[in-house]
Amino acid sequence: MLRRLITAHQIAFYAVLVFLTSFGALAWNIDQAGIAAAYNDPIAHIRAQDEAVYASAAIGMTKDSDWMTPKVMGRPFLLKPPLLIWLSALSLRLLGMSLFSIRLPALLLGAAGVATVFAWVARARSVAAGVLGGGNSFTQPFLADLLANVPYRCHRQFVRGVGAGLRRF
């Protein structure tokens, strides 16, 4: 098997290209769909409500200037970690009230996750494997579930040595 070695600078350059490409693809028509417009269950027509809850809490933080406790319908919303709500509220404060500004933090984190998977796999194997890994993470409907395993895999790779955590792939 012929494997071309690439430098860390080349991987970083390609990772930036992957980030920009995935950002553009994820941002395509991002402000066309309304809040909670997508169906979780298209047969029973049950709509996604998480985005509506996060958007409501972020809008409330921005209007009330209460940045410590996210609130939904006037009550504290402490069921989820508040980082995404804080980032969405900050984006609303900086960019104004729009669907794009509410969704921008999740969009940036999603594109960064795809680029991270690409760089990690490209470093361990090859650029072609990185493209497959990044493409796989891009097409996953539950990207957050996929990326939840990345810190665990990185820890295993660090403990066992560089590349050891990926040898089973």
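A: Helices are DSSP runs of H or I with at least four residues, strands are runs of E with at least two, and both are numbered from the N terminus. Just after α1, Asn29 takes a positive phi of about 55°. This is a predicted model, in which local features need pLDDT of at least 70 and side-chain atom pairs count only at pLDDT 80 or more, while totals for chains, interfaces and linings use all residues. Residues are numbered from 1 along each chain as its sequence is written, and side-chain values use heavy atoms, with hydrogens and water left out.

Q: What span should helix α1 have at 1.5 Å a residue, and how far apart are its end C-alpha atoms?
A: The expected span is 1.5 Å times one less than the number of residues. For the 20 residues of α1 (residues 8-27) this gives 28 Å, and because the end C-alpha atoms are 28 Å apart, the two agree.

Q: Which residues of α1 are called buried, and what puts them on the same side?
A: Buried means under 20% relative accessible area, exposed over 50%, and partly exposed in between (1.4 Å probe, protein chains only). Ile11, Ala15, Val18, Ser22 and Ala27 are buried. They cover an arc (of the directions from the helix axis to the C-beta atoms) of only 145° around the axis, which is why they lie on the same side of α1. The face turned away from that buried side carries the exposed residues His9, Phe13 and Thr21.

Q: What do the buried residues of α1 pack against?
A: With contact meaning heavy atoms within 4.5 Å, they pack against α4 and α5 (127-139).
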